[in-house]
Amino acid sequence: MWRRAVTLTQSKASQSWRAIATSSSKYGSTSASAAAAVDSLLLRSLKDHYLEVSRMTPPPKVSPPSPFTIIKGALDSNGPVLKRTYGKEEISIYVMRLANIIHGEGDDPEEEDGINQLFLHVDVSKPGQEDSLHFLCGLYPDALGIHSVSMRPKLETSEDVVQSTYNGPVFEDLDQRVRDALHSFIEERGVNEGLFPFLQAWLYVKDHRNLMRWFKSVGTFINEKKSTDA
């Protein structure tokens, strides 16, 4: 989806860039007028893409499964998205797309709007304890799988996940009974494939906001540069 938006005017823009480059080369200099033309073309391209993205139809609004609640400000941070309590425990859920972790995954143009592979960081903490029980999971529309289980300091952002010195044993090397018990542990706390519809829609909205912000901030920077140079 975003790929279609970003390449909306790619062919026309490429022709314009080549025309400017040829003109500059022909006269042997990158004159002020050529630089201004480049800036104007870039601003026009950014505006076209911004408008195209702004017209995209958002997904239907989806609420998280009860009793999970959305954490205020989650769309503008890398912190947890959902939280709930379970007895004295506090469960926080962080989510990322697989494509953001393993570069190249999900880059197939045929994979349209589906964000069908998500990574969850499930943080289970208890009052008075410095460390929390951390689950790294793969979430799909019809399944949830555990990749690792470890003890680590309570997470603040999703980037904190990589700071642990030991991520626990390879999950598949654990005895089947232990694996089944750990699956039951998080399922009892509501961590299952039922989270997928909400988290998929939530990531769609987050990506959309980030892309809109990017087009706007780059355009503002170029436009202020033009005003300064004028």
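This is a predicted model: local features need pLDDT of at least 70, side-chain atom pairs count only at pLDDT 80 or more; totals for chains, interfaces and linings use all residues.
Trainee: How many helices and strands does the protein have?
Mentor: Helices (H or I, at least four residues) and strands (E, at least two) are DSSP runs, numbered from the N terminus. From that end the order is α-α-α-β-β-β-β-β-β-α-α. The tally is 5 helices and 6 strands.

Trainee: What share of the residues counts as buried?
Mentor: Buried means under 20% relative accessible area, exposed over 50%, and partly exposed in between (1.4 Å probe, protein chains only). Out of 230 residues in the protein, the buried share is 35%.

Trainee: How many salt bridges are there?
Mentor: Look for a side-chain nitrogen of Lys or Arg within 4 Å of a carboxyl oxygen of Asp or Glu. With that rule, the count is 6.

Trainee: Which residue forms a salt bridge with Arg213 at 3.0 Å?
Mentor: Follow the side chain of Arg213 to its partner, 3.0 Å away from N to O: that is Asp76. Arg213 lies in helix H5 (residues 196-229) and Asp76 in the loop between strand S1 (69-70) and strand S2 (82-86), so the bridge ties together parts 137 residues apart in sequence. Arg213 itself counts as partly exposed, at 41% relative accessibility. So the partner, going by the N to O contact, is Asp76.

Trainee: Are Glu89 and Arg189 buried or exposed?
Mentor: Their side chains meet in a salt bridge at 2.6 Å, N to O. The pair links distant parts of the chain, with Glu89 in strand S3 (residues 89-97) and Arg189 in the loop between helix H4 (176-188) and H5, 100 residues apart. As for accessibility, both Glu89 and Arg189 are buried.

Trainee: How many residues apart in sequence are the parts that Asp207 and Arg97 tie together?
Mentor: The two side chains form a salt bridge at 2.9 Å, N to O. Asp207 lies in helix H5 and Arg97 in strand S3, so the parts tied together are 110 residues apart.

Trainee: How many aromatic pairs turn up?
Mentor: Rings of Phe, Tyr and Trp (its six-membered ring) pair if their centres lie within 6.5 Å; planes under 30 degrees apart count as stacked, over 60 as edge-to-face and the rest as tilted. Phe135 and Phe185 have ring centres 5.8 Å apart and planes at 20°, so they are stacked. Trp214 and Phe215 have centres 5.2 Å apart and planes at 70°, so they are edge-to-face. The count is 2.

Trainee: Which residue lies over the face of Phe185?
Mentor: A charge sits over a ring if NZ of Lys or CZ of Arg is within 6 Å of the ring centre and within 35 degrees of the ring normal. Phe185 is partly exposed, at 23% relative accessibility. Over its face, at 3.6 Å from the ring centre, lies Arg189.

Conventions. Residues are numbered from 1 along each chain as its sequence is written. Side-chain values use heavy atoms; hydrogens and water are left out.
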